[in-house]
Amino acid sequence: MIDVKTILQQHCQNNQPLFDILWSHGNSVAQKALQIARLHPEWALNEDFIYEAALLHDIGVTQCDAAGIHCYGTHPYICHGYLGADILRSLGLEEHARIAERHTGTGLTANYIAEKGLPLPAGRTYAPETLYEQLICYADKFFSKTKLGQEKSLEKVEASLAKWEDASLQRFKAWTLTFYPEHQFPTKPSLV
């Protein structure tokens, strides 16, 4: 296992409130992702990797301007995925980097990025592809960085995804069906 706590502390640069937010949020995401992974022993997922990647997926916010969560960088918040990926790649953590880069919404397509004029570098993939990427992206949708430790309901998550491209909500619903065996949904799923 890598020392995720030290990595986060180094990039928070003595900003304890930001570290506390990232640590709490990352742990919530990790616990949700691990809970889902344990529903599927047949997938034989690496729980250490899930834990590490969930704790590090938002490291890029340390370079963003989001005063509400104690971030005083210069980049727009939408950039935190690729900024985090750059940080993690510089540490030789490619698989962790891919998760950071691909967790915004349920993934951002090139068409959506162009349509909205988002300030994201071209030539990168911003949509989850691997099971690990999808799992952590999915788990992340249930937790915010402003209401720490409070899990959103499935219905609230689905409602919040309405602001993204149309396919975003459909991807989320498909993941719900994949991750939760029918009798184990966290709440009754909306299949519309």
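Just after α4, G92 adopts a positive phi of about 80°. Helices are DSSP runs of H or I with at least four residues, numbered from the N terminus. The model is predicted: local features need pLDDT of at least 70 and side-chain atom pairs pLDDT 80 or more, while totals for chains, interfaces and linings use all residues. Residues are numbered from 1 along each chain as its sequence is written, and side-chain values use heavy atoms, without hydrogens or water.

**Helix α4**
- Eight of the eleven residues of α4 are buried (under 20% relative accessible area, 1.4 Å probe, protein chains only).
- H80, G81, Y82, L83, G84, A85, I87 and L88 are the buried residues of α4.
- These buried residues pack against α1 (4-12), α3 and α5 (94-101), with contact meaning heavy atoms within 4.5 Å.

**Nonpolar cores**
- A nonpolar core is a set of buried Ala, Val, Leu, Ile, Met, Phe, Trp, Tyr and Cys residues joined through side-chain atoms within 4.5 Å.
- The largest nonpolar core has 39 residues, of which L108, L120, L135 and Y138 touch the most other members.
- Elements giving two or more residues to this core include α2 (16-38), α3 (47-56) and α4 (80-90); α2 gives the most, with six residues.
- Leaving aside residues up to four places away in sequence, Y138 touches I36, L154, F172, W175, T176, F179 and Y180.

Key:
Buried means under 20% relative accessible area, exposed over 50%, partly exposed in between (1.4 Å probe, protein chains only).
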